[in-house]
Amino acid sequence: MSAHGTFYELGSFEIPGIPGQRAVRMFLPPVPPPYHVLYMWDAQNLFGDEGSYSGGWHAHEVLTRLARRGRPTAAVVAINHGGEHRIGDYAPVSDAKYGEGRADRMLEFVVNVLKPQVDRHFRVRPEREATFVGGSSMGALISLYALLRHPQVFGGALAMSPSLWFGGGALMKMAEGPPLDPSTRIYIDLGEREMGPFGLFLVKGLGQTLHNRGLDRRHLRVRVDPKGRHNEADWRRRLPMAVNFLLRSLGDD
């Protein structure tokens, strides 16, 4: 086991109904298995700066630091975005401007193809309480949708600057419903300099809806970053506290 963790290339996958192929990488932190697993979108942005639009998140460094401090950490399964197809791939509904929504197909791939392979070939914990999903912007939107659509698979979501406006705010209605599993953990944030009052209204409204579905403050964090903008540098800066919140109470429920 490397002191800095280990990367694996899981290959490029053809996904029915999704244009092109999607490469997938996995990072294992420097801790003994079995691992909790965080499935994340936009893999080009998650690790090093090369290939990222405006710098990488260096997520592997965050998880390695958590491991060295004796805090809970997780393996990351990172799925490449599809460039010009990205918005449609992450969209839970079709949109007049952006076209067909293909999030269900993407999630079917993760749930029925990718996760079973990861569970089979790596020493990970397969249960929902140890399986998380996360991303930013449209990647945050599909992460929240994944949790709502497949609550038996995902036990938590990390959603930075979620595009809640997409599809006329369709996810806001989807978030309503009966009580969620009380062990569910959700981290949501937004920068004040991103969308102004409307963005804050949506994020706080979603937080209230999830609170109404039974999530207390230990399991739901809605954070507003006074200096935050909609870019990789700000998501990278907020990532340590987001991961720490999502994982810190593992095993306490």
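This is a predicted model: local features need pLDDT of at least 70, side-chain atom pairs count only at pLDDT 80 or more; totals for chains, interfaces and linings use all residues.
Residues are numbered from 1 along each chain as its sequence is written, and side-chain values use heavy atoms, with hydrogens and water left out.

The description may begin with the sheet. Helices (H or I, at least four residues) and strands (E, at least two) are DSSP runs, numbered from the N terminus, and two strands pair if DSSP finds at least two bridges between them. An open sheet of 8 strands has mixed pairing and the order 1-2-4-3-5-6-7-8. Its edge strands are strand 1 and strand 8 (220-225), each of which pairs on one side only. From one strand to the next, the twist averages 15°; axes are lines fitted to C-alpha atoms, for helices over the stretch in contact, and angles run from 0 to 180 degrees between N-to-C directions.

Gly 191 stands opposite Asp 225 in strand 8. Helix 6 (residues 192-212) packs on the sheet, where it touches strand 7 and strand 8, and its direction makes about 160° with that of strand 7. Contact means heavy atoms within 4.5 Å.

Helices also meet one another. The axes of helix 1 (residues 59-68) and helix 7 (residues 232-247) come within 10 Å and cross at roughly 50°. That angle makes helix 1 oblique to helix 7, given that angles under 35 degrees count as roughly parallel, over 145 as roughly antiparallel, 65 to 115 as roughly perpendicular and the rest as oblique. In this contact, Ala 59, Val 62, Leu 63, Arg 65 and Leu 66 of helix 1 meet Leu 239, Pro 240, Val 243 and Asn 244 of helix 7. By class, the contact of helix 1 with helix 7 has 7 nonpolar, 1 polar and 1 charged residues (Ala, Val, Leu, Ile, Met, Phe, Trp, Tyr, Cys and Pro count as nonpolar, Asp, Glu, Lys and Arg as charged, and the others, Gly among them, as polar).

A second contact involves helix 3 (residues 103-121) and helix 4 (residues 138-149), whose axes come within 11 Å and cross at roughly 65°. Helix 3 and helix 4 are therefore roughly perpendicular to each other. Ala 103, Asp 104, Met 106 and Leu 107 in helix 3 meet Ile 142, Tyr 145, Ala 146 and Arg 149 in helix 4. The residues of this contact divide into 6 nonpolar, no polar and 2 charged.

Finally, a search of the whole structure finds 10 aromatic pairs. Rings of Phe, Tyr and Trp (its six-membered ring) pair if their centres lie within 6.5 Å; planes under 30 degrees apart count as stacked, over 60 as edge-to-face and the rest as tilted. The rings of Trp 41 and Tyr 90 have centres 5.4 Å apart and planes at 55°, so the pair is tilted. This pair links distant parts of the chain, with Trp 41 in strand 3 (residues 37-41) and Tyr 90 in helix 2 (residues 86-90), 49 residues apart.
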